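Hi,

Here is the structure I promised to pass on.

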Amino acid sequence: MDKNAIDQYLQSLKAMGLSDDTIAMYKQQLEQSMQFSSQWAGQLNQFGQQMQQFNTLFNNDASDTDDDTPAILLNPDSQLSNQELWALACGADLALLNGQYLNDLTTGFSRQECRNMLSQWWDIDSKEEAQETIEWLFTEGHRIQFDIIWQAMNTVSIKESKAFLRDHVVKDEMEEETALQRLRNMRDALELFQERKLISKDTQPEMLIWDFARIINLSRGSFDAGYLTQGEAMGYILRCVGPIRSMYNSWKQLSVSYQFARCVWNGIDEEEFVDMMEGMNLLLTDANSPWVKMPWD
């Protein structure tokens, strides 16, 4: 993606009504990514290799778990403030799927369970590794890669998009397949979400929440694992609020964007998609849901 393509992308964000601060944040991220374009292929390869890893508790692949109906789980002993509860609620999509408390910093899992999962699926076994991973999600994550694929898909034909990814992103056949699969997933997700009237034809789902929901979840898991103090974990979670508020304007928009990114990551499975929609509807309507108890504004 050259400077003209970046400018075109930023103009599309402005046309969508995003704030100047949000657009400036995206511009900085894209320019930084352009400076390290030679690293993209490796990142996308890692992106593909991690797909199965993240499809577990910390990303919750429904195909690998018992078919339990999601439930609103609340800790009666929670002492969080309203501000902290609101910030925590931004990760409710993922927390609900994982069977975690929706109203407390603790997930409800044991220290050893969290340590095992962090080690196995994130390669986190220490405070330093937890902090490094969380900072990576803040500064880069996968949202920039998603945005690049989106632009490749929507500014030119699919055939030209494939050529762009081959020429500028991938270095070998394995990396090529990873990038092209993300492209196919995004095309299919776009068609499905438009068909279900979850997004309009002129809307680009903003996938910042994909990384930020995982920041919230990782902060909670790292706290329960004993790698982060309560103040450190909550500090990371509260740090998510500003960018999230700048990007989204409702709990539903946030949730739809998360679900869209999840489909780009995993591909579309009909049964899992139904579960995702049921979870979103539960969070939007259940009297005990933090989204019902706390208005977006």
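**Aromatic rings and a helix**

Trp-86, Trp-251, Trp-291 and Trp-296 are joined into a cluster by ring pairs. Bear in mind that this is a predicted model.

In total, the structure has ten aromatic pairs. Take Phe-138 and Tyr-236: their ring centres are 6.3 Å apart and the planes sit at 35 degrees, so this pair is tilted. Phe-138 belongs to helix α8 and Tyr-236 to helix α13, so the pair ties together parts that are 98 residues apart in sequence. Both of these residues, Phe-138 and Tyr-236, are buried.

Trp-251 is in helix α15 and Trp-296 in the segment after α17, 45 residues apart. Trp-251 has 5% relative accessibility, so it counts as buried, and Trp-296 counts as buried at 8%.

Two arginines also meet rings. The charged end of Arg-239 sits over the ring of Phe-138, 3.8 Å from its centre, while that of Arg-214 sits over the ring of Trp-265, 5.7 Å from the centre.

Now for helix α13, residues 230-239: its buried residues are Ala-233, Met-234, Tyr-236 and Ile-237. Why are they on the same side of α13? Because they cover an arc of only 155 degrees around the axis. These buried residues pack against α5, α8, α12 and α14.

As for α5, the buried residues are Leu-85, Trp-86, Ala-87, Leu-88 and Ala-89, and their packing partners include α6, α13 and α15.

Cheers

How values were computed. Residues numbered from 1 in each chain as written. Predicted model: local features only at pLDDT ≥ 70, side-chain atom pairs only at ≥ 80, totals over all residues. Heavy atoms only, no water. Buried < 20%, exposed > 50% of the residue type's maximum accessible area, 1.4 Å probe, protein only. Helix = DSSP H or I, 4+ residues; strand = E, 2+ residues; numbered from the N terminus. Arc of directions from axis to C-beta. Contact = heavy atoms within 4.5 Å. Phe/Tyr/Trp six-rings, centres within 6.5 Å; stacked < 30°, edge-to-face > 60°. Lys NZ or Arg CZ within 6 Å of the ring centre and 35° of its normal.
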